[in-house]
Amino acid sequence: MNVFVTGAAGFIGGSIATGLVQAGHKVTGLVRSAEQAQELSALGIRPIIGTLDDSALLAEQARAADAVINAASSDHRAAVEALLEALRGSNKVFLHTSGSSIVGDASGGKSSDVIYYEDHLPAPTVDKAARVAIDNLILAAAKDGVNSAVICNTLIYGHSLGVKRDSVQLPRLLKQARNSGIVRHVGTGQNIWSNVHIEDVVALYL
């Protein structure tokens, strides 16, 4: 299968792209620089230099691929619209990377017993409304001949499978602790952060 992956130079997209290559697929990855292109080439991924603002390039790559994975940004609506328009009526797979923060409820510093279901989510908070609108746009594309799905990963940990990139949570906290000499936690430390290993994320996308 020929797969087009945005964000292929990042922690998530790079790991997914590498996992696809290891599984025998041909992968084209969107990157922003010649340096990143060299990194991908060394991993067996065909690099395409561009950005999410290059609607024509995104559409061209989507039409040429058998499946598309957006792992570059959860919040770039124009890129999503360009990809969906190119895929309309093709019944090709389109996987979009969102995040579990759309239902995050630990702002009070404690965990919650509430269980959220895919078809019965709470109204989004103001800061997540635009992201949820994009997610809904992608899900609605299934009615227009796009085999679309939104994947809402929780916090991802583990070592990158592809390019050498750090995950967000633990490396960022460690870096902050080293720089300040102080180890911090949020609130009383009673909140719960859901986590998933990068290899499990890659297996899910595959």
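Predicted model: local features only at pLDDT ≥ 70, side-chain atom pairs only at ≥ 80, totals over all residues.
1. A residue counts as buried under 20% relative accessible area, exposed over 50%, and partly exposed in between (1.4 Å probe, protein chains only).

2. Residues are numbered from 1 along each chain as its sequence is written, and side-chain values use heavy atoms, with hydrogens and water left out.

3. Searching the whole structure turns up five of them. In one, Arg 165 meets Glu 39 at 2.8 Å, N to O. This pair links distant parts of the chain, 126 residues apart: Arg 165 sits in the loop between strand 7 (155–157) and helix 6 (169–180), and Glu 39 in helix 2 (residues 34–42). Helices (H or I, at least four residues) and strands (E, at least two) are DSSP runs, numbered from the N terminus. Both partners are partly exposed, Arg 165 with a relative accessible area of 25% and Glu 39 with 27%.

4. Back to Arg 88, which deserves a look from both sides. Its side chain forms a salt bridge with Glu 85 (2.9 Å, N to O). Arg 88 also pairs with Asp 144, the closest N and O atoms being 2.9 Å apart. Here, too, distant parts of the chain are linked, 56 residues apart: Asp 144 lies in the loop between helix 5 (129–140) and strand 6 (147–151), Arg 88 in the loop between helix 4 (77–87) and strand 5 (93–97). Asp 144 is partly exposed, with a relative accessible area of 37%. Through shared partners, Glu 85, Arg 88 and Asp 144 are joined into one network.

5. Now the interior. A nonpolar core is a set of buried Ala, Val, Leu, Ile, Met, Phe, Trp, Tyr and Cys residues joined through side-chain atoms within 4.5 Å. The largest one has 24 residues, and Val 5, Ile 16, Leu 20, Ile 69 and Tyr 205 have the most contacts inside it. Among the elements supplying at least two residues each are strand 1 (2–6), helix 1 (11–22) and helix 7 (198–205).

Technical notes. Salt bridge = Lys/Arg side-chain N within 4 Å of Asp/Glu carboxyl O.
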